[in-house]
Each structure stands twice: as structure tokens, then as C-alpha cells.
Amino acid sequence: MPSRSSSPAHETPDVPEPPELYAPEPGDVHARRAAALREVLHADAVARDEAGGQPLDAVRALKASGLNAAWIGRAYGGEGASWTSILRVVREFARTDGSIAHLYGYQHLPLHITAARATPAQLANWFPASVRENWLWSNSGNVMSRTSTARRVGTHWVLDGHRPFSSGTHVADVIQVSWDGDGGRYTAVIPADRDGVGIAHDWDGIGQRQTGSGTVLFQGVRIADEELLGRPGDEVTPFVSLNSLLQQLVLAQVFIGSAQGALAEGRDYTVRESRPWIHSGVERHTDDPWVQRRYGGLHIRVQAAQALAEQAAAQLDELYPQGHGLTAHARGSLAISAAAANVVAGEVGLAVAEEVFEVMGARSATRARGYDRFWRNVRTHTLHNPAEYKKRTLGQWLLDGSHPQPAPYR
């Protein structure tokens, strides 16, 4: 049976230039800067996705853009960008490169933990250096794993073991490491090139191929007391526990940006290359009412997901300045918003990235075009972040008003 896009060879009729989709907010300087960098990343996004490994040139371009240190406060030399702006940057990158979007967004998890737990002296040391040297931060302290330990040797610690799913450590400048010891969980910030830190380069996911989300090895890694973030017995305040919600909001933007990218690239392909179905009765594929309706429906779903994510980001910006004064109730309210945004974004990302192939047609489904990267990227993340449990959290809140207790992914 012929495909929907099959037809006798003929010249594609002239079509009007389609409108620009998903332009960044005019007043958001960081999102606009990200949109310009996205155009650079787009040039070889498909090839880099196919190659996997380390996106060294892309990371250099990210650092040159100045966006890497945008969130760090002005007191330390940064730009003090809002969470809304940072999350929009993630979304912009995900429109073509889910890996860079992921690495950029996830570096803000250790940045938040450092801001929330570090001493003034540590902040005065790390944050200006991060701005000055354009550090890319990463986290190798997977909370689901208990595979690293440290022992006290004289005046320092010695870390051994490994951690899985350490996204970004393969290109990071500094990493946050964790281990479980007497009294609980320890966390420290160390240079990524510290002696004894090894990258296994064993990530082989179907998506997010340049995130390096594999194993980090620790063999006799020395850690000084001044590199520790707090102590195991320190209270995990609602403010500190925002990290898991930041993760959800970052992923939501990766999902939405991927949906936007799939829809925009699919739309351009449809306008310029798709052929009408042989029984459609139209000369141009874009004149087919079925095609028009499908694109309209997909666009509406993407806009709805974006609106939910923007709403949650605005709520985060409103609450974040409260710092350690943030209440459990306020944190819980944000958790509900973040869960809703994440669930919808994931479902929309998967649907759009898959369904757009139907309106592009059979010739679009080639490895060389790379349109499948959007679905693979979203699918990879949503498996690590099951929507089912967020829906249960939302349902429980709806039924009895209880907020989720702070925990990984909640």
C-alpha cells in the first residue's frame, strides 16, 4: 500500500512562507541569546546526535555565549537571571539539541544546592570562579545509588566507588559528589579533573546521546573539609529540597522544547517537501484538511504545555527569594504545579514527536534527517521519570489536600 506522502513525481507548487514558530519572549535577553545559539547548534545537531560522546564544540559555544553563569547572582559577577529565563533557555536549546538542553538545565541543580548549603566563604570562592572561568557544573551523586564510600585519612577524605547516571560529568569543570557515611549523606564540590576521578564513557541510551549519562569512577579521590557542603545532620529545609522540583521543571522544558522542535521542523518539511496523498484531491499537501487539522491540534497541545510550565516557573521565581524561610506548604504548592507541568509536557512531547511523522510522510523517516531524535530524547527521559507516580501525587492532593513529602522526583 502506498504511503500517505506517495504521489507521482512532480514539482512542488509554490507555497507561502510559513510564520515563525515559538519566538522567544522579546524582553527576555537570555532566551533571545539562547535562540541565537540554538541556530548555531542546529547546524550539526543531527550529526552530533548520531555520533554521541562529548559535545565539546557545543559546550565551548555555550560558554562563549555567557549563558553558563547567567543564574549566578550579580554579587558574584553573574547576571542574576530568573528561573523563568533559565528554563526558557533550556526550552530553546531543546528545540534542536536535547542533550545540550539537559546539560545546561541540570547544571543548575548543583548550583542551587551550593547556593542553599554552602558557607559564605565557599560561595565567595566558587561562584566568582564559576563566572570568571565559565564552569559547567555537574552532579555525580545519584540519590538512588549507594555505590560510593569515603574514609577519613588524616585531615581529608578519600572517596572510592562509582555513581551511575552522572549526566554531564564527561564535559564538566566541577562536579558535586556524594557518599554515605557515619551520620548520613555527605556532599562535596570538587574539580572534575581531580586525580582519581574517571569517566567510563559507557552511556548508550537511545536518546540524549551526548549527555554522558553513564558511570563515574572514584579511585582514591581526595576531598578536603572545605569542599564539603554542610554536614550530614543538617536539616533538609523545604528550600534545600527544591532541587527535585527544579529537576522536574528542567525536564518539562526539555519535553516542550523537543515538541516545539519536532513540530517546527516537521512543519517546514511538510511545506517544502511533502507530497499530497494520491486520494486527497489536492495539489499541495498543505491544502489537505486532514493535514491542517492535525497540525492545528498538535500546536494547541504544545501551547497548553508551555503555558503550564511558564506558570510553574513564575511560581518558583515568586517563592525562591524566601530562601530557608520557605514553608513546607509553599513548597508543596509548587510541587503540585511542577508535577502537573511535567506530566503534561512529557505526554505532549511524546505525542507530537511521534505523530508529526504522519503528516510529514514516509520520506521523512530516514536516519539522515534525524527527526526521530526528538522522540528518542523525550522517551529516554520520561522512562526515568514515570508520569504515573506524579498523577497519583496530584490525585492524592486533589482528594485530601496533602502535599507530597520532599523526596527524589517529588
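How many of the eight residues of β4 are buried? In this predicted model, six of them are, and β4 is thus described as mostly covered; buried here means under 20% relative accessible area, exposed over 50%, and partly exposed in between, with a 1.4 Å probe and protein chains only. Residues are numbered from 1 along each chain as its sequence is written. Because the model is predicted, local features need pLDDT of at least 70 and side-chain atom pairs count only at pLDDT 80 or more, while totals for chains, interfaces and linings use all residues, and side-chain values use heavy atoms, leaving out hydrogens and water.

Strand β4 belongs to an open, mixed sheet of three strands, ordered β1-β4-β5. Helices (H or I, at least four residues) and strands (E, at least two) are DSSP runs numbered from the N terminus, and two strands pair if DSSP finds at least two bridges between them. The edges are taken by β1 (137-140) and β5 (184-191); each has a single partner strand, so one side of each lacks a neighbour in the sheet. From one strand to the next, the twist averages 25°.

On one side, β4 (residues 174-181) runs parallel to β1, joined by four bridges. Here S138 stands opposite I175, and N139 has Q176 as its bridge partner. Helix α6 (residues 108-117) lies across β1, β4 and β5, at about 85° to β1. Contact means heavy atoms within 4.5 Å; axes are lines fitted to C-alpha atoms, for helices over the stretch in contact, and angles run from 0 to 180 degrees between N-to-C directions.

Turning to the loops, G214 sits between β6 (197-199) and β7 (216-224). With a relative accessible area of 9%, G214 is buried. Beyond its neighbours within four places in sequence, G214 contacts R163, P164, F165, S166, D202 and W203. The C-alpha atoms of G214 and H381 are separated by 14 Å, with the two residues 167 apart along the chain.

Finally, W397 is found in helix α12 (residues 387-400). This tryptophan counts as partly exposed because its relative accessibility is 33%.
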